[in-house]
Amino acid sequence: MSVSTPFSTSSDAGVQPRLTWPLVVLSLAGLILLPSIWPSSYVVNVLILAFIFAILATGLNLIFGYTGLLSFGQVGFFGLGAYLYALLTMDGGVSPWLSILLAGIGSGFVALLLGYPALRVSRASFVIVTLSVTLLAALLARNWVEITRGPMGIPRLPAPSIDLLGLGTFSGHDPHVFYYIALAIAVASIGAIYLLVNSPIGRVLRAINLDEPLAASQGISPKKYQIAAFAVAGILSGIAGSLHVSHLGIVDPSIFDPYYSEMLLIIVIVGGPGSFWMVVVSSLVFMAIPELLRMAPELRMVLFGMVLVLAAMLFPTGVGGYFEQRKLAMWRRSLRS
Amino acid sequence: MEFFIQLVINGLMLGMVYALIAIGLSLIFGVLEIVNFAHGHFYMLGATVLAALVTSAGIGFFPSLVIATVAVGVVGYLVYVVLLRHFREGEFDRGIILTIGIGMVLQNGVAYLFGSSSRMVDTSLSFVSWDVAGFFVDAQRTVAVLVGAVAIAALYAVLTFTRIGKAMRAFAQNREAAFIVGIRPAVIAGIAVAIGIALAGLAGAALAPVFAVHPAMGAPILFKVFAIIIIGGLGSLPGALVASLLIGVTESVVGGYSSVALQDAVAFMLMIVVLLAFPAGLFGKGIRV
């Protein structure tokens, strides 16, 4: 674990640094116990989707919040991971667990290849190139019928299962089992990113974000770090995508729906780009909102659009940024007295 | 050969439509340095307003075209006054997030109010085609192209000969120098945004009788136009025009000899090639944001 000093602008915005770990452990314990207390498979399914979005949002947070590059490629890699999972399990005969891993690695590798042309000119062209990658992937999924089966999609996908020695095998097709699979993968991948952003590499990424020429003058090659961060975010998206379709049981071109991009963006913007835990919390909140706010989907998206407009106008650093500022103000006051 | 020429004619028509949208987008980018993600949704708004005027109110095509263009331009100006005006230079990401939010409100608002099904607009020019030297020319499309050409020529005249147009170009070229000589940024940027968005509305309105009108029609064409302005060079108006015609013709020819899927992908693939070979675009001055 990294040592938190006032100068490393700790990413655990939102609460006192001392409170972060007890809160994380407590929430995790709550999530582990929840299906036993509230065994509704409806609640379990909503939470599974929230875990998947938390992985996806943490990936976008790494590339946008920490590295400062707004990527619209995340949903493209999400879909790529989903298709890789489907093809590996159905056509390749690879086991579901290994397929999830390979889907992540495959998506990360494609991100690595795309990073160079995408970062060639400017931040504006990075945005547009990453967006185009998602659109191209959707076009491929719809039209490369021999491989992807086109708009019909690939049904009857297997789900990973848990094999407990002596207790038998638990199939992931049961939502209560899949809940723990999704939770475990989410904890592992989000935890890995937490370690990454709090490591020296994470500090380099933030330095590049704050002042690229200054970072370059210190002998850091910004492009290499940016491409690496893009690849890691691609791995996360690929894992999230494969997890999502292994739960749904089918993959089709609707995996590239703009709905995913819009939800992903709103989760990260409202949570606060660069605020690690707030983005994770925001994923859980925004996946629960549609279940609580029953209204016409169009009207809900109008409201979400307004939230995005308000966020961009009034609080571009999100809820996490607000708490971060409060914390800095408290430090200043304590230094003065 | 005749088939090829027919494809080129169709392609130039398609390219003209891209040009209307791309030039507006480029104008806004040049003055505000904001990539307007809601631009395609203003195109959709123009088409929706025209469809409502022609089918529900029974107003003729050409008066409706003018009303729709002005209405969308006014909405664009209001968006500038209420929202975009408060942005400073270098707040690139915030501009994108804001315009995505505006786009979500427009698309889903129209879907909520008018329903998300496709609507056709019939005018007196529908199903009419002209025979020009043996080539099949669709009347409605030709009108759309002529309207576009007139709008682009008018914009060129405004930018070249009027004080306000020169001020716009000065502002896009060098912000500080424009401040020093007394150009008021809020006035110039407001007019540029209104013109840029009105052009998108005009494109949508002119094409409403050609394509089906529906709330989600804005995003696909906008994304293609993004690729076009990257190819032409961000912020370059001649680049936007040339690249639009180039992509329009290429798409049409590829679609004619190959598959429709490849036709949709060609702009994005060309963009990646251009970025590798000419990072600043074909006509770009290499603006770095």
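What follows is a quick run through the two chains and their contacts.

Author: Go ahead. Keep in mind that this is a predicted model.

Reader: Confidence first. What is the average pLDDT of chain A?

Author: Chain A averages 86. In that chain, 95% of the residues score at least 70.

Reader: And where in chain A is the pLDDT below 50?

Author: Over residues 1-15 of chain A. That stretch still has 31 contacts in the model beyond near neighbours in sequence.

Reader: Switching to chain B. How many helices and strands?

Author: Chain B has 11 helices and two strands. The order from the N terminus is α-α-α-α-β-β-α-α-α-α-α-α-α.

Reader: How compact is chain B for its length?

Author: As compact as a globular protein of that length, because its radius of gyration is 19 Å and the globule rule gives 19 Å for 289 residues. The C-alpha trace of chain B spans about 55 × 45 × 35 Å along its principal axes.

Reader: What share of chain B is buried?

Author: Buried residues make up 52% of the 289.

Reader: And the contacts within chain B, what share joins residues at least 24 apart?

Author: That share is 79%, counting contacts between residues at least 6 apart in sequence.

Reader: Which residues of chain B does UniProt list as "transmembrane region"?

Author: The unreviewed entry lists several spans of chain B, including 12-35, 65-84 and 261-283.

Reader: What does the model show for 12-35 of chain B?

Author: That span is 88% helix and 0% strand. Its end C-alpha atoms lie 25 Å apart. For residues 65-84 of chain B, the figures are 90% helix and 0% strand, with the end C-alpha atoms 26 Å apart.

Reader: Let's look at H4 in chain A. What is its length?

Author: Helix H4 of chain A covers residues 96-118, 23 residues in all. It reaches 32 Å from first C-alpha to last, close to the 33 Å expected.

Reader: Which of the H4(A) residues are buried?

Author: Among them are Ser99(A), Ile100(A), Ala103(A), Gly104(A), Val110(A) and Leu114(A).

Reader: What covers the buried residues of H4(A)?

Author: The cover includes helix H3 (74-90), helix H5 (123-143) and helix H10 (222-248) of chain A.

Reader: Is Arg156(A) buried or exposed?

Author: Exposed, because Arg156(A) has 9 C-beta neighbours inside 10 Å and the cut-off for exposed is 12 or fewer.

Reader: Now Glu33(B). What's its phi near?

Author: Phi of Glu33(B) is near 55°, again positive in a residue other than glycine. Glu33(B) lies in the loop between helix H1 (2-32) and helix H2 (39-56) of chain B.

Reader: Why does Glu33(B) count as buried?

Author: Because Glu33(B) has 21 C-beta neighbours inside 10 Å, and 20 or more is the cut-off for buried.

Notes: Residues are numbered from 1 along each chain as its sequence is written. Chains are lettered from A and ligands numbered from 1 in the order in which they are written. This is a predicted model: local features need pLDDT of at least 70, side-chain atom pairs count only at pLDDT 80 or more; totals for chains, interfaces and linings use all residues. UniProt positions are given in the numbering used here, feature names are shortened, and annotations may be inferred rather than shown by experiment. Helices (H or I, at least four residues) and strands (E, at least two) are DSSP runs, numbered from the N terminus. pLDDT is the predictor's confidence in each residue, from 0 to 100. Two residues are in contact if their C-beta atoms, placed from the backbone, lie within 7 Å. The expected span of a helix is 1.5 Å times one less than its number of residues. The radius of gyration is taken over C-alpha atoms; the globule rule is 2.2 Å times the number of residues to the power 0.38.
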